[in-house]
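Subject: Structure handover and notes

Hello,

Here is the structure for your files. My notes on it follow below.

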Amino acid sequence: MAFPLSSAIISHKLSFNVSIAPSTRRSNLKPTHFIFCFNGKDPERSGRSRIHCLPKNNHLKELKDQHGTLTNSYISTSGHTNKLQSLIAVILVFVQISSPLPLVGWDVLPISPANAVLYSPDTKVPRTGELALRRAIPANTNMKTIQDSLEEILYLLRIPQRKPYGTMEGNVKKALKIATDEKDSILASIPTDLREKGSTLYASLIDGKNGLQALLACIKDKDPDKVSVGLASSLDTIAELELLQAPGLSFLLPEQYKRYPRLTGRGIVELTIEKGDGSTFSPEAGGEPRKTAKIQVVIDGYSAPLTAGNFTKLVIDEAYNGAKLRSTDQAVLSDNGLDKSNGYSVPLEIKPSGQFEPLYRTKLDVQDGELPTLPLSVYGAVAMAHSEVNEEYSSPYQFFFYLYDKRNAGLGGLSFDEGEFSVFGYATAGRDILSQIKTGDVIRSAKLIEGQDRLVLPDEK
């Protein structure tokens with residue numbers, strides 16, 4: 001076979017024998033002769049070099065056929081033996097990795113392809129819970145366009161050294177134009193009883209201390225730190241406006257799923273964690289070591305109403321108070337709740353990115369480009385474990401925090417478990433506590449501090 005190499009410097013032909021001592025299992029291995037053709041003159045092979053792997057008794061014929069156009073150099077002196085052996089080893093390793101050679105007498109080992117998660121490098125998967133939650137809000141299309149324009153700056157800020165401030169300025173001006181031109185449409189999307197609050201937020205977004213006009217000034221000053229702070233503030237204001245525009249679910253639940261609790265918006269749960277062995281958590285900045293620590297979780301009913309609804313009801317019922325935790329390299333899990341009768345076995349619920357409603361009892365094919373609105377590949381993602389009876393359903397009780405680590409992810413930076421669990425929220429405060437939780441630690445209490453008015457319970461009758 002022929003293997004192309006990129007060499008435009010050497011225009012010689014190297015020929016040498018390679019004898020590999022066979023083991024007893026491969027006693028039929030014959031000496032192999034390699035011819036390396038480094039050709040810079042032949043018009044038919046210009047700019048290309050080839051490696052031929054031939055039986056020893058055929059190499060003279062090959063040399064004779066090419067004698068008219070190539071210069072033959074034979075390396076046979078003992079002084080170059082070590083260098084030659086090193087060269088041969090390097091070339092053979094490179095060739096076998098890049099394009100395996102069918103060497104005579106070598107058995108071909110069946111190697112299955114790696115089961116890595118692939119996706120387009122242009123796909124911008126949310127890498128923080130805040131970003132994923134903001135994108136999940138079903139808001140006015142004009143607000144989403146403004147949001148997309150500003151979020152683009154998040155990626156531009158990551159560019160080292162010379163940052164594209166001109167592009168950033170264009171993005172903010174685009175957002176400002178849409179916001180001013182479509183003011184009536186933006187405010188009309190807010191329910192009447194919330195419109196006054198919406199008007200205040202809108203004014204803050206345009207001309208506030210950390211609004212779009214102020215962000216534009218920071219970009220013109222080319223101060224990346226101020227741009228980052230101003231951008232975060234503007235995006236927070238946009239998220240508040242969008243939440244006002246989304247008072248409930250943007251789709252109808254299938255009739256058969258209305259027998260489950262459901263959360264028709266956002267909720268916030270606060271978990272108080274206590275060390276099981278009497279030790280302490282690391283102190284906060286300037287503080288003392290803590291016997292307990294708090295984690296806040298934003299749960300999203302827009303993307304997973306049934307899963308979030310079941311979890312919310314369990315929290316209200318105090319089902320997680322006293323629950324023990326178990327820590328692994330990839331997750332912090334609650335106990336399985338087998339001794340508890342609370343909870344519903346909710347069908348697997350995943351909303352694909354860009355889709356109108358969730359899929360039920362169906363995993364996503366991430367390798368085929370399907371990505372969830374709430375990705376698992378975020379440190380602090382909160383999801384339900386699978387049912388022990390049927391993986392098309394979630395556990396009625398057991399949840400986990402996912403400890404995403406890019407080093408253990410697939411080629412696209414996505415978890416190998418992406419698209420297989422019902423993610424329903426993210427830890428947004430106290431994320432640093434997750435790495436300190438050990439097996440045996442306990443949830444002292446779990447409280448719903450926001451969102452009870454969004455919880456819809458099924459008619460028990």
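Q161 is exposed, with a relative accessible area of 78%; exposed means over 50% relative accessible area, buried under 20%, and partly exposed in between (1.4 Å probe, protein chains only). Q161 sits in the loop between helix 4 and helix 5, and its phi is positive, near 60 degrees, although the residue is not glycine. Most residues other than glycine have a negative phi. R361 also has a positive phi near 60 degrees in a residue other than glycine. R361 belongs to the loop between strand 11 (359-360) and strand 12, and at 39% relative accessibility R361 counts as partly exposed.

On provenance: this is a predicted model, in which local features need pLDDT of at least 70 and side-chain atom pairs count only at pLDDT 80 or more, while totals for chains, interfaces and linings use all residues. Residues are numbered from 1 along each chain as its sequence is written, and side-chain values use heavy atoms, with hydrogens and water left out.

Overall counts

The protein chain has 11 helices and 16 strands; these are DSSP runs numbered from the N terminus (helices H or I, at least four residues; strands E, at least two). Of the 461 residues in the protein chain, 45% are buried. Taking contacts between residues at least 6 apart in sequence, 72% join residues at least 24 apart, where contact means heavy atoms within 4.5 Å.

Helix packing

Helix 4 (residues 141-156) and helix 5 pack at an angle of about 165 degrees, their axes 9 Å apart. Axes here are lines fitted to C-alpha atoms, for helices over the stretch in contact, with angles from 0 to 180 degrees between N-to-C directions. The two helices, helix 4 and helix 5, are therefore roughly antiparallel to each other (angles over 145 degrees count as roughly antiparallel, under 35 as roughly parallel, 65 to 115 as roughly perpendicular and the rest as oblique). Their crossing, helix 4 past helix 5, is left-handed, that is, the near helix is turned anticlockwise from the far one by less than a right angle (clockwise would be right-handed). Residues in this contact include I146, L150 and I153 of helix 4 and M168, V172 and A175 of helix 5.

Helix 5 (residues 165-181) also packs with helix 8 (residues 212-220), at an angle of about 165 degrees and with the axes 10 Å apart. That makes helix 5 roughly antiparallel to helix 8. The crossing of helix 5 and helix 8 is left-handed. Among the residues in contact are Y165, M168, V172 and L176 of helix 5 and L212, L215, L216 and I219 of helix 8.

Nonpolar cores

The largest nonpolar core has 34 residues, and those with the most contacts inside it are I295, Y320, F399, F401 and I437. A nonpolar core is a set of buried Ala, Val, Leu, Ile, Met, Phe, Trp, Tyr and Cys residues joined through side-chain atoms within 4.5 Å. Elements that give two or more residues to this core include strand 6 (266-274), strand 7 (292-300), helix 10 (305-316) and strand 13 (394-402). Apart from it lies another core, of 31 residues, with L201, L205, I238 and L241 among them.

Leaving aside neighbours within four places in sequence, the contacts of F401 include L271, I295, V297, V332, V382, A427 and L434.

Aromatic pairs

There are 10 aromatic pairs, counted where rings of Phe, Tyr and Trp (its six-membered ring) have centres within 6.5 Å; planes under 30 degrees apart count as stacked, over 60 as edge-to-face and the rest as tilted. Y260 and Y344 form an edge-to-face pair, 6.0 Å centre to centre with 75 degrees between the planes. Y260 lies in the loop between helix 9 (224-245) and strand 5 (262-263) and Y344 in the loop between strand 9 (331-334) and strand 10 (349-350), so the pair ties together parts that are 84 residues apart in sequence. Y260 is buried, at 3% relative accessible area.

F311 and F399 form another edge-to-face pair, at 5.3 Å centre to centre and 75 degrees between the planes. This pair links F311 in helix 10 to F399 in strand 13, 88 residues apart. Both F311 and F399 are buried. Ring pairs join F311, Y320, Y397, F399, F401 and F424 into a cluster.

Regards
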